[in-house]
Amino acid sequence: MSVLRNLEAKLGGLVEGAFGRAFKTNVQPVELAHKLAKEMEENQMVSVSRVYVPNHYRIFLSPGDREQFSSYEPALRKELSDYLLEHARQERLALTSRPQIEFHTDDRLELGEFGIQAQLLGAPEEEEQAGVPEAAPSAGDFGHTMVYSPDREARPLEPELDRRQALLVAEGRRHALRGDRALVGRSRECDVVVSDPNVSRRHIELRRGERGWAAVDLGSTNGMKVNGRRVNHAELQPGDRITIGVTELAFELD
């Protein structure tokens, strides 16, 4: 039995039970799985000896669809993660961790439409050992969302960028963030240079996408915390505190 057919069988049991009572939506779980696999295959990063694929996926639903899914998201997240894990194994694609699935609501989507963002989080171990920069530039980006509709071709979701000036306060200095990306670390090549010896040369990157700014850990030695919580990726709000090493950074919008 193929991986997709196996997933169909699993979800079929849920549809006959709890899912059958809840799913009045046009978005079907098996269609989500199919398009997640498509995004996995289309967002590859060629490494030293392997082909890596995204391990972090966000699914955006219309308010009506999200309401129908809400009570069953934990079960669906697990089934979709299992499916992507097995799909990667069968296609001999490498993952840096088990695929993670998130659900979000987007008011711009119509009933039956859904969007998917895919990103590879965490530097492949072999890349670090080979001295390759901690995050390859070809890795996926949360600023790119593909929208799938029942009656239209797949299309990128047009971004609604917040054009306010973003600032990062580090070691008593305010840095204006230019463009859509800003590197933070000890290296003089970074946009924001931090002198803390506990900070990696390229520690984190701030990225502006369609939902605003986000902080992404670049496979650093000591990791990143946002508002005291250790994370690899976090969407940022004005006033958020980012800790790298023993240094606290403040994110602001002017």
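**A strand and its sheet**

Tutor: Ser149 stands opposite Arg152 in β7. This is a predicted model, where local features need pLDDT of at least 70, side-chain atom pairs count only at pLDDT 80 or more, and totals for chains, interfaces and linings use all residues. Residues are numbered from 1 along each chain as its sequence is written, and side-chain values use heavy atoms, with hydrogens and water left out.

Student: How many residues does the hairpin between β6 and β7 run through?

Tutor: Strands here are DSSP runs of E, at least two residues, and helices are runs of H or I, at least four, numbered from the N terminus. β6 and β7 (residues 152–156) run antiparallel, joined by 3 bridges. The hairpin joins them through 2 residues.

Student: Which residue of β6 is the bridge partner of Gly115?

Tutor: Two strands pair if DSSP finds at least two bridges between them. β5 (residues 114–119) and β6 are antiparallel and have 3 bridges. Phe114 is partnered with Tyr148, and the partner of Gly115 is Val147.

Student: Are the residues on the two faces of β6 buried or exposed?

Tutor: Side chains alternate between the two faces of the sheet in a regular strand. Buried means under 20% relative accessible area, exposed over 50%, and partly exposed in between (1.4 Å probe, protein chains only). In β6 (residues 146–149), Met146 and Tyr148 on one side, and Val147 and Ser149 on the other, are all buried.

Student: What is the strand order of the open sheet?

Tutor: The sheet has 5 strands with mixed pairing. Its edge strands, each pairing on one side only, are β4 (100–105) and β7. The order is β4-β3-β5-β6-β7.
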